[in-house]
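Me: I have a structure open and would like to learn to read it. Could you take me through some features?

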Amino acid sequence: MKDLGGNGLRARRRVRLAAALAAVSTVAAGLGVRAVLGGDVAKCAGDALYTVLLYTLLVLVAPRVRPGRAAVVAAALSWAVELFQLTGLPDVWGRHGVLVRLVLGSTFNPPDLFWYLVGAGCAGALHRLLRTSRIAAADGSGRPFRQG
């Protein structure tokens with residue numbers, strides 16, 4: 001299987017490095033949005049970026065994951081965390097630790113489910129675009145590589 005224009009350890013290392021940089025950039029973007037915008041816009045962007053961060057961490061762990069699958073898994077994890085908030089446990093646990101509150105949130109908010117999908121879709125689309133352009137460049141033909 002051709003993956004990002006090359007096989008093997010070197011290609012996976014490149015993908016992992018890109019995913020790590022994307023994760024750091026996503027956290028920075030989330031903090032920046034909260035600092036600059038505030039309010040509902042920052043909340044919605046933060047929800048989408050939460051899923052983008054999960055997406056980048058997934059690619060970091062599994063660099064050969066396809067964009068569609070990564071998007072579905074990242075959205076599903078985000079939804080699972082949001083639905084877990086219905087139990088009230090994240091709110092209780094979050095009172096004892098900032099990290100728990102950052103990861104699990106506190107209270108269920110139905111619109112968050114939509115913004116998780118937005119984040120997963122954007123991350124998947126960008127991943128597919130980068131993957132396709134990288135494969136096309138490695139192929140030398142300028143055409144995207146199609147897997148049969």
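Me: Which helices each supply at least two residues of the lining of the largest pocket?

Reply: First, the ground rules. This is a predicted model, where local features need pLDDT of at least 70, side-chain atom pairs count only at pLDDT 80 or more, and totals for chains, interfaces and linings use all residues. Residues are numbered from 1 along each chain as its sequence is written, and side-chain values use heavy atoms, with hydrogens and water left out.
Now the idea. Rolling a probe the size of a water molecule over the atoms shows where empty space is left. A pocket is an open set of points on a 1 Å grid over the protein atoms alone, where a 1.4 Å probe fits, with protein on both sides within 12 Å along at least five of seven lines; lining residues have an atom within 4 Å of a point. Helices are DSSP runs (H or I, at least four residues), numbered from the N terminus.
Here, the helices are helix 1 (9–36), helix 2 (39–61), helix 3 (67–84), helix 5 (98–104) and helix 6 (111–139). Helix 2 gives the most, with 8 residues.

Me: What volume does the largest pocket have, and which lining residues are closest to its centre?

Reply: A volume is the space filled by probe spheres set on the points, with grid points joined across faces, edges and corners. For the largest pocket that is about 820 Å³. Of its 27 lining residues, the closest to the centre are Arg 34, Gly 46, Tyr 50, Arg 101 and Leu 102.

Me: How many aromatic pairs does the structure hold?

Reply: Rings of Phe, Tyr and Trp (its six-membered ring) pair if their centres lie within 6.5 Å; planes under 30 degrees apart count as stacked, over 60 as edge-to-face and the rest as tilted. The structure holds 3 such pairs. Take Tyr 50 and Tyr 116: their ring centres are 6.0 Å apart and their planes at 45°, so this pair is tilted. Tyr 50 lies in helix 2 and Tyr 116 in helix 6, so the pair ties together parts 66 residues apart in sequence. Another pair is Phe 84 and Trp 93, with centres 5.8 Å apart and planes at 50°, so it is tilted.

Me: Is Ser 78 buried or exposed?

Reply: Buried means under 20% relative accessible area, exposed over 50%, partly exposed in between (1.4 Å probe, protein chains only). Ser 78, in helix 3, is buried at 0%. Tyr 116 is buried too, at 5%. Phe 84 is partly exposed at 28%, and Trp 93 is partly exposed at 40%.

Me: What is Ser 78 in contact with?

Reply: Contact means heavy atoms within 4.5 Å. Leaving aside neighbours within four places in sequence, Ser 78 is in contact with Tyr 50, Thr 51, Leu 54 and Tyr 116.

Me: How many residues has the largest nonpolar core?

Reply: In soluble globular proteins, nonpolar side chains tend to be buried together. A nonpolar core is a set of buried Ala, Val, Leu, Ile, Met, Phe, Trp, Tyr and Cys residues joined through side-chain atoms within 4.5 Å. The largest here has 12 residues, including Val 15, Tyr 55, Ala 71 and Ala 120. Helix 3 gives the most to this core, with 4 residues. Apart from it lies another core, of 5 residues, among them Tyr 50, Val 81, Leu 113 and Tyr 116.
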